[in-house]
Amino acid sequence: AAAEQAISLSGTEVLGREMRLELSENNGPAASSKTKNGSNLSFASKIPEQPAPNPQEIDRCFVGNLSWKIDKETLIKAFAEIGLTAEHIFWVTDKQSGDFYGTSFVTFKDAHDAAMAVAYSDDGLTILKRPVKIQLSAHKSGIKTIPNRKQPVRETSPRPEGGTTTAFFGNLSYNIDDESLKKFCEPSKVKTIRWLTHKDSGNFKGSGFVDFFDVSAVDEIMKKNGFDLLGRPVRIDYA
């Protein structure tokens with residue numbers, strides 16, 4: 001009744017302009033919550049009719065365009081407001097400065113929740129008033145050699161006299177992180193990792209230097225030059 005009463009005012013002049021009112025179907029928001037200051041925490045215009053396709057049953061998603069004000073508790077709560085359970089959050093930060101890139105990897109309780117998150121994103125999900133981009137992202141793959149290489153692997157440089165405790169890693173996936181690189185280097189123990197970034201943009205160059213505890217570890221890791229790491233043949237050389 002209130003809506004019909006408002007529609008009757010259509011055509012009325014307000015501040016010199018004719019006001020136009022029309023009835024609109026109200027689907028209702030699928031999720032809308034308020035923070036203490038009254039701003040929207042999460043909002044979706046509707047509940048997706050079905051999850052996004054997820055034939056590989058992936059339970060992890062890449063979440064981009066996040067607010068710089070986001071934190072773990074807020075992001076988990078934002079997903080909870082639309083009925084999804086986020087169990088683990090990995091923030092993507094600059095390798096050297098630690099600055100937040102506004103992106104993260106979120107592992108949900110199951111593949112269905114991950115697929116629903118993608119579907120919500122496709123329907124315009126916002127978190128802290130920012131439209132977030134969500135895509136399925138498989139967990140890091142295992143380590144394996146590359147069978148029947150079409151191109152020969154670039155040979156490593158001559159071993160420095162006396163050896164070295166540092167190795168150069170190139171052609172790295174942009175999804176690489178400390179944990180996956182350390183796993184790749186096993187059984188050798190990694191001391192430190194220094195990721196290389198562009199000076200102006202701070203974007204990752206896809207390469208870095210890895211320090212080991214002894215020269216024998218570096219000699220051993222050279223044997224993995226050309227091995228597959230996250231879907232790319234890694235280039236390893238003496239530094």
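Mentor: We will check a few labels on this predicted model against their cut-offs.

Trainee: Why is cysteine 61 called buried?

Mentor: Buried means under 20% relative accessible area. Cysteine 61 has 0%, so the label holds.

Trainee: What about cysteine 185: why does it count as buried?

Mentor: Its relative accessible area is 1%. The limit is 20%, so cysteine 185 is buried.

Trainee: What makes isoleucine 76 partly exposed?

Mentor: Isoleucine 76 has a relative accessible area of 27%. Buried needs under 20% and exposed needs over 50%, so 27% falls in between.

Trainee: Where does isoleucine 76 lie, and what is it in contact with?

Mentor: It lies in helix H2. Leaving aside neighbours within four places in sequence, isoleucine 76 is in contact with Ala86 and Ile89. Its C-alpha atom is separated by 7.9 Å from that of glutamate 87, 11 residues apart along the chain.

Trainee: Which residues of the largest nonpolar core touch the most other members?

Mentor: Phe79, Phe108, Leu125 and Ile134, out of 25 residues. Strands S4, S5, S6 and S7 and helices H2 and H3 each supply at least two residues of this core. H3 gives the most, with five.

Trainee: What is leucine 125 in contact with?

Mentor: Leaving aside neighbours within four places in sequence, its contacts include Phe43, Phe79, Tyr120 and Ile134. A second, separate core has 23 residues, among them Ile176 and Phe212.

Technical notes. Residues are numbered from 1 along each chain as its sequence is written. This is a predicted model: local features need pLDDT of at least 70, side-chain atom pairs count only at pLDDT 80 or more; totals for chains, interfaces and linings use all residues. Side-chain values use heavy atoms; hydrogens and water are left out. A nonpolar core is a set of buried Ala, Val, Leu, Ile, Met, Phe, Trp, Tyr and Cys residues joined through side-chain atoms within 4.5 Å. Buried means under 20% relative accessible area, exposed over 50%, partly exposed in between (1.4 Å probe, protein chains only). Helices (H or I, at least four residues) and strands (E, at least two) are DSSP runs, numbered from the N terminus. Contact means heavy atoms within 4.5 Å.
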